[in-house]
Amino acid sequence: MRSKKLDARGETSFVVALDDGDEAVESLLAFARAHDVTAGRFTGLGAFSSVVLGFFDFQKKDYVRTVLDEQVEVATLVGDFAVMGDEVKLHPHIVVSKRDGRAYGGHLLEGRVHPTLEVLVTVAPDHLRRRTDPETGLPLLAI
Amino acid sequence: MRSKKLDARGETSFVVALDDGDEAVESLLAFARAHDVTAGRFTGLGAFSSVVLGFFDFQKKDYVRTVLDEQVEVATLVGDFAVMGDEVKLHPHIVVSKRDGRAYGGHLLEGRVHPTLEVLVTVAPDHLRRRTDPETGLPLLAI
Amino acid sequence: MRSKKLDARGETSFVVALDDGDEAVESLLAFARAHDVTAGRFTGLGAFSSVVLGFFDFQKKDYVRTVLDEQVEVATLVGDFAVMGDEVKLHPHIVVSKRDGRAYGGHLLEGRVHPTLEVLVTVAPDHLRRRTDPETGLPLLAI
């Protein structure tokens, strides 16, 4: 276990509202680029017209994809922003629920917003960095 | 995608503990009214003796209800506060789990607390506003 | 419903990265002890190689355990820190998802990290206290 203290006094909060048809991963990255985010965290809620969930397979060193091509509620979205090289990276995990309430989750690979996704973002004036883990190939936090 | 910066320096944090028998939606609204909340966000956890989950049906323009009339763990609760006209509105999404661990989620329409719900609230001195979306009838964020 | 205002100006944020093989509950408690945490909240995401979920049974006054002895994504982790007597206590709830995306949740009794768990912690310079509820035997918030 490793930990890093962030500059809480310098933190900034944003409400980010994604609109009908927006793709969630690209939109959150666009927000981060526009505001030069180098460290942050968020929670969110809303609904998607389709979603692709990822489960990391350590043999394949890639995500197994579960595609839900139907309207789902975004029951919770949680994640963080960090930088890798010169680029901001998003790490988003999600739980969605179907019409009958059953819940599915995983890494958010892709989500089409319908009609809204409300994301509460806290940005810190620090640099969180990721580095490729040689064993898994995953971009893990380097703190 | 639209975003609004909140006044993080003016933010206030609360721990709100709901007690046995409290209804979660009404209690959180009562908290917000008592503290004149006009913008906020929260996460929570605890347990319910019953819960009603909503899935928005765009044909009916209303929520399909899934009633779980049994004890469930509140695995996560996430949401925000905003105002619509003169009234504070709550947007809460939830994941609950049954005795065997299976998870259900959606919009929280109603939840009976048993024995506790612990909600971590951050209030900002801003005004987040909602406006009725003409197409869906839903109160979307107007930022 | 009871609530307590925390000293938001004095809040501190941490990123806590748990590593391969770490047990999540013990690691988060170790973090809290190392930083003298007496009030805090967190959200998290990552993956486990095994997890034990709890559902509180009010007849037994104990947790029913669901053991998932397989790799799962941690779709969301949410919880708080408070003190009971001289000891910091952790209240963690979780949603995990299996290879096919199906989600399970509950009280996090035990989770073996593989390869990472990223936890965003906010610490307040207050004292949140727990007290044993005589009826259920559970350590509820005393505010």
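Helices (H or I, at least four residues) and strands (E, at least two) are DSSP runs, numbered from the N terminus. With that in hand, chain A reads β-β-α-β-β-β-β-β-β-β from the N terminus on, giving one helix and nine strands. This is a predicted model, where local features need pLDDT of at least 70, side-chain atom pairs count only at pLDDT 80 or more, and totals for chains, interfaces and linings use all residues. Residues are numbered from 1 along each chain as its sequence is written, and chains are lettered from A in the order in which they are written.

**Chain A as a whole**
- For 143 residues, a compact globule (2.2 Å times the number of residues to the power 0.38, over C-alpha atoms) would have a radius of gyration near 15 Å, and chain A agrees with its 15 Å.
- The C-alpha trace of chain A spans about 40 × 40 × 25 Å along its principal axes.
- Of the 143 residues of chain A, 64% are buried, meaning under 20% relative accessible area with a 1.4 Å probe, protein chains only.
- Contacts are heavy atoms within 4.5 Å; among those in chain A between residues at least 6 apart in sequence, 68% join residues at least 24 apart.

**The largest cavity**
- A cavity is a set of points on a 1 Å grid, over the protein atoms alone, where a 1.4 Å probe fits but cannot get out, and lining residues have an atom within 4 Å of a point.
- The largest cavity has a volume of about 260 Å³, taken as the space filled by probe spheres set on the points.
- Of its 16 lining residues, the closest to the centre are A:Arg41, B:Arg41, B:Thr43, C:Arg41 and C:Thr43.
- β3 (40-57) and β7 (103-123) of chains A, B and C each supply at least two lining residues.

Terms used
Heavy atoms only, no water. 1 Å grid on protein atoms, 1.4 Å probe; cavity = no way out; pocket = protein on both sides within 12 Å on 5 of 7 lines; lining within 4 Å. Buried < 20%, exposed > 50% of the residue type's maximum accessible area, 1.4 Å probe, protein only.
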